[in-house]
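Let's take a friendly walk through a protein structure, one part at a time. Have the sequence and the 3D view ready as you read.

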Amino acid sequence: MRAWRVTAYGEPAEVMSLDEVPVPEPGPGEVLIRNRAVAVNFPDVLLARGTYQERPPLPFTPGIELCGEVVALGAGVDRIPLGRRVVATAIGVMAEYAAVPAASVHDAPDALDDAAASAFLIAYQTAWFGLHQRAALQDGETLLVHAAAGGVGTAACQLGAAAGATVVGVVGSEAKVPVAEAAGAARVLLRGDEWIGAVKAAGGADVVFDPVGGDAFEGAAKVINFEGRIIVVGFASGEIQRVRADLALVKNYSVLGLHWALYQRKRPDLVAEAHAALTRLADAGAVRPVVAETVPFADASQAVQRLAGGGTVGRLVVAVGE
């Protein structure tokens, strides 16, 4: 089969190569999937650079999220029918076939095509657990979403709007404004000092969804309301959030960390419940991944490099059969 592999650490376009490798055999507790589509995620960039929290030995296959068809089962797996269209997450899926843990496999929503389904699991689970499990977002509250035109950001906007919140998005350029608006943001502001004053003037934010860090987090601490909740999702800016306990004490706000993969390991029951709820929302048309572009399999390294550049909106998806 064809598989993309990282052969050294560096920029994705320079260190990813398309190679011929054996089709993997599913081990005990694993499922073999013939991939139809693989979504590009920021961890793919970090994996290529060698800065992700997990560092598979070189050479390794990147890719962490897919939609495909179950073609073989490992020992001990009996709950997943052969031929079922599924979504799954595991490191090493940017290939024509992938063997993944059965616990990471879920039915693909019927309402989503392969490209949208491949981009459904991680972003929407992350947004769901951040907004509902960690921050307990309530109907009528104001939700501020940083990077609101990105993959996780658009998911947070859609889920916030579905929960009855007033969603305010912050984006990096004018071109990204309509993307955040289409995802459910009632108001979209450009990144910079001006957004802080605008949010304060409108009454502040009850919940802040922050995958950016750096200045975005510092601004969040200025606009968060009494008993507000700031969800730390990541630090795409490259600057890790610095929490000031004195400000949290004075303003009575909470800073909540979110590492969604921990739920998959420690509470897979909650992940399954969230997937069922998200699938219902997808079937009702309330949520749908914003797939900006689907690229051929041969162009996967360039797609990862484009995501590294920070100028993309929505999701980039690699069509494995092309």
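## A helix to start with

Keep in mind that this is a predicted model. Helix 5, made of residues 151-162, has 12 residues and reaches 17 Å from its first C-alpha to its last, which is close to the 16 Å expected at 1.5 Å a residue. How much of helix 5 is buried? Nine of its 12 residues are, so helix 5 is largely enclosed by the rest of the structure.

The buried residues of helix 5 include the glycines G151, G153 and G160, and also A155, A156 and L159. C157 belongs to this buried group too, with a relative accessible area of 0%. Just after helix 5 comes G164, where phi is positive at about 90°.

As background, strands of a sheet pair through backbone hydrogen bonds, either parallel or antiparallel.

Strand 8 and strand 11 (residues 205-210) are joined in the parallel sense over three bridges. Opposite F209 of strand 11 stands V145.

## Helices against the sheet

In soluble globular proteins, nonpolar side chains tend to be buried together. Here the largest nonpolar core has 83 residues, and V100 and L143 have the most contacts inside it. Helix 4 (residues 121-134) gives the most to this core, with seven residues. Apart from it lies another core, of 19 residues, with V170, A198, V223 and V232 among them.

What surrounds V100? Leaving aside neighbours within four places in sequence, V100 is in contact with several residues, including V31, I33, L66 and V105. Its contacts also include G29 and E30, along with A88, A90 and V93.

Most residues other than glycine have a negative phi, and most peptide bonds are trans. Where can you find a cis peptide bond in this model? Look from L58 to P59, where omega is near -15°. P59 sits in the loop between helix 2 (42-49) and strand 4 (65-73).

A136 is not a glycine, yet its phi is positive, at about 50°. You will find A136 in the loop between helix 4 and strand 8 (142-146). Because its relative accessibility is 38%, A136 counts as partly exposed. E227 also has a positive phi, near 55°, in a residue other than glycine. E227 is part of strand 12, residues 224-232.

## Checking the cysteines

A disulfide is a covalent bond between the sulfur atoms of two cysteines. How many disulfides does the structure hold? The number is zero. C67 is one cysteine to look at: it counts as buried, at 0% relative accessibility.

Definitions and conventions
Residues are numbered from 1 along each chain as its sequence is written. This is a predicted model: local features need pLDDT of at least 70, side-chain atom pairs count only at pLDDT 80 or more; totals for chains, interfaces and linings use all residues. Side-chain values use heavy atoms; hydrogens and water are left out. A nonpolar core is a set of buried Ala, Val, Leu, Ile, Met, Phe, Trp, Tyr and Cys residues joined through side-chain atoms within 4.5 Å. Buried means under 20% relative accessible area, exposed over 50%, partly exposed in between (1.4 Å probe, protein chains only). Helices (H or I, at least four residues) and strands (E, at least two) are DSSP runs, numbered from the N terminus. Contact means heavy atoms within 4.5 Å. The expected span of a helix is 1.5 Å times one less than its number of residues. Two strands pair if DSSP finds at least two bridges between them. A disulfide is a pair of cysteine sulfur atoms within 2.5 Å.
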